[in-house]
Amino acid sequence: MKQVFPYELIFFHSLKQDRPERVLAVKLDGTETMSDHTEQLKLPDSFTFSQSSLQDYTDCPRRFQLRYIEQLHWPAVETEPVKENEIRQQEGQLFHRLVQQHLIGIGPEKLNALVNTANLERWWVNFLHTDFKLVDSRKFTELTLSTPIGENRLIAKYDLVAVQPGGKVIIYDWKTYKKRPRDEWMAARLQTRVYQATIVQAGAYLNDGIPFEPEGVEMIYWYAETPSDPAHFSYDTTFYKREWKTLTGFISEIKNHQHFPLTEDERKCAYCTYRSYCNRGIEAGNAEDMEEIPLTGTDANFEQIAEIEY
Ligand code: SF4
């Protein structure tokens, strides 16, 4: 759910810098205040955390502050070449839609007409030729689950949740990355950690009112470019308890933060929209040079599509 922000921000640019020097905050009641960035805006008490916002925080506290507290929309591109990456993002979103439509019962013959680029065609053919072994499962596509965490809520938006007889649950997530990441890198992503913990916390209604045992939870990233090499992540109770404590700790830390420092890993800045704002460079990083730098825009999944739409 998009947060309601009670200000409209107007930026005053210096001719010598590409970052605003001062911000005129116009409250919705019409009153105005001039800020020099030292004025402390606060995270709304009702803020709903997600894997995206927690990933931003762990990547760079300042990015979290700019994106979710100040709600600053900064126009820098994330990666070069811009056009190619934008097209790939759009293809990724369309691929997610195709898969979702197919999983709710629309046949490929009706969807094939939408497959109109080489990338999409390759991913679509790969998907149709993969046996996900879903025959006996109850399938929930583009499912949103939300659970209380401390005084806030945590939300997870799944591409596909498949509940098997006996209470085992498999979380599927479709990835259209150019390069397949290492499993260790994916295991550490907040998406993996939030999605698994949330299904244990909030998935009971998918299982006749019985919470899923962590031991019955599996998460699978299926890579459209390497369809026969998905990443599998199992789960257990000890790990779940530790993860929930960690996630709760992150949220408490964020809420108690007075200062959101810039990341010390400046490689992340080359792929961040705020790099000119933070004086961390002008040029966007090249997607071809990217190994496993966390991005927020190129990984088109349902959560991001949903966040764009809502
Ligand atoms: S440019 Fe770097 S320091 Fe600034 S928000 Fe982005 S990642 Fe953080």
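Leu 154 in strand 7 is the bridge partner of Phe 49, where strands are DSSP runs of E of at least two residues, numbered from the N terminus. The model is a predicted one, in which local features need pLDDT of at least 70 and side-chain atom pairs count only at pLDDT 80 or more, while totals for chains, interfaces and linings use all residues. Residues are numbered from 1 along each chain as its sequence is written.

Strand 4 (residues 48–50) runs parallel to strand 7 and pairs with it over three bridges, pairing being assigned if DSSP finds at least two bridges between two strands. Strand 7 (residues 152–163) is largely enclosed by the rest of the structure, because ten of its twelve residues are buried, that is, have 20 or more other C-beta atoms, placed from the backbone, within 10 Å of their own.

## Antiparallel neighbours and hairpins

Strand 6 (residues 138–149) is antiparallel to strand 7 and joined to it by eleven bridges, with Leu 143 standing opposite Tyr 158 of strand 7. The two strands form a hairpin with two residues between them, and Gly 150 in the turn has a positive phi of about 60°.

Strand 8 (residues 169–175) also pairs with strand 7 in the antiparallel sense, over four bridges, and its Ile 171 is the bridge partner of Val 161. In the hairpin of strand 7 and strand 8, five residues lie between the strands, and Gly 166 takes a positive phi near 95°.

## Surroundings of the ligand

Among the 13 residues around the ligand, those that come nearest are Cys 60, Leu 262, Cys 269, Cys 272 and Cys 278, a residue being counted as near if its C-beta atom, placed from the backbone, lies within 6 Å of the molecule.
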